[in-house]
Amino acid sequence: MLSNRDVVLCRACRARIRWALTSANGKRQPVNADPDPAGNVAVSRGPDGLLYVRSLTRAHPEPRAGEYRMMPHHATCPPPPQRGTGGGRPRTGIRRTPPSWRRP
Ligand SMILES: [Zn+2]
């Protein structure tokens with residue numbers, strides 16, 4: 001059963017996501033919080049209470065009992081802006097030694 005307990009907000013786009021571990025190699029993968037009929041992964045809760053995600057394949061395209069069809073968040077997360085949204089300093093330029101560092 002999916003609960004809101006493990007829903008978090010994506011840092012990049014503030015969407016509601018869940019973190020799941022890939023059944024293939026145990027890496028953390030974000031998936032959209034709500035089941036999606038267009039999704040291509042199946043998410044299930046393991047006996048340890050963690051969420052596990054596996055890819056749905058052409059050979060086995062349907063989730064099994066207890067699994068939910070979900071969308072990987074990477075598929076819908078907008079890419080970060082190419083340039084900083086302000087606040088970042090340009091990297092170019094030579095930093096001058098402040099005069100106070102020099103001895104008279
Ligand atoms: Zn996102």
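Q: How many aromatic pairs does the structure hold?
A: This is a predicted model, where local features need pLDDT of at least 70, side-chain atom pairs count only at pLDDT 80 or more, and totals for chains, interfaces and linings use all residues. Rings of Phe, Tyr and Trp (its six-membered ring) pair if their centres lie within 6.5 Å; planes under 30 degrees apart are stacked, over 60 edge-to-face, the rest tilted. The number of such pairs here is 0.

Q: Which residue lies over the face of Trp-19?
A: A charge sits over a ring if NZ of Lys or CZ of Arg is within 6 Å of the ring centre and within 35 degrees of the ring normal. At 4.2 Å from the ring centre of Trp-19, the residue is Arg-28.

Q: Which residues are the protein donors of the zinc ion?
A: Residues are numbered from 1 along each chain as its sequence is written, and side-chain values use heavy atoms, without hydrogens and water. Donors are N, O and S atoms within 2.8 Å of the metal (3.2 Å for Na, K and Ca); water is not among the atoms, so sites may look incomplete. Their sequence spacing is C-x2-C-x59-H-x3-C. Lying 2.0 to 2.3 Å from the zinc ion, they are Cys-10 (SG), Cys-13 (SG), His-73 (NE2) and Cys-77 (SG).

Q: Is His-73 buried or exposed?
A: Buried means under 20% relative accessible area, exposed over 50%, partly exposed in between (1.4 Å probe, protein chains only). With a relative accessible area of 3%, His-73 is buried.

Q: In what order do the elements of the protein run?
A: Helices (H or I, at least four residues) and strands (E, at least two) are DSSP runs, numbered from the N terminus. The protein has 1 helix and 6 strands. From the N terminus on, the order is β-β-β-β-β-β-α.
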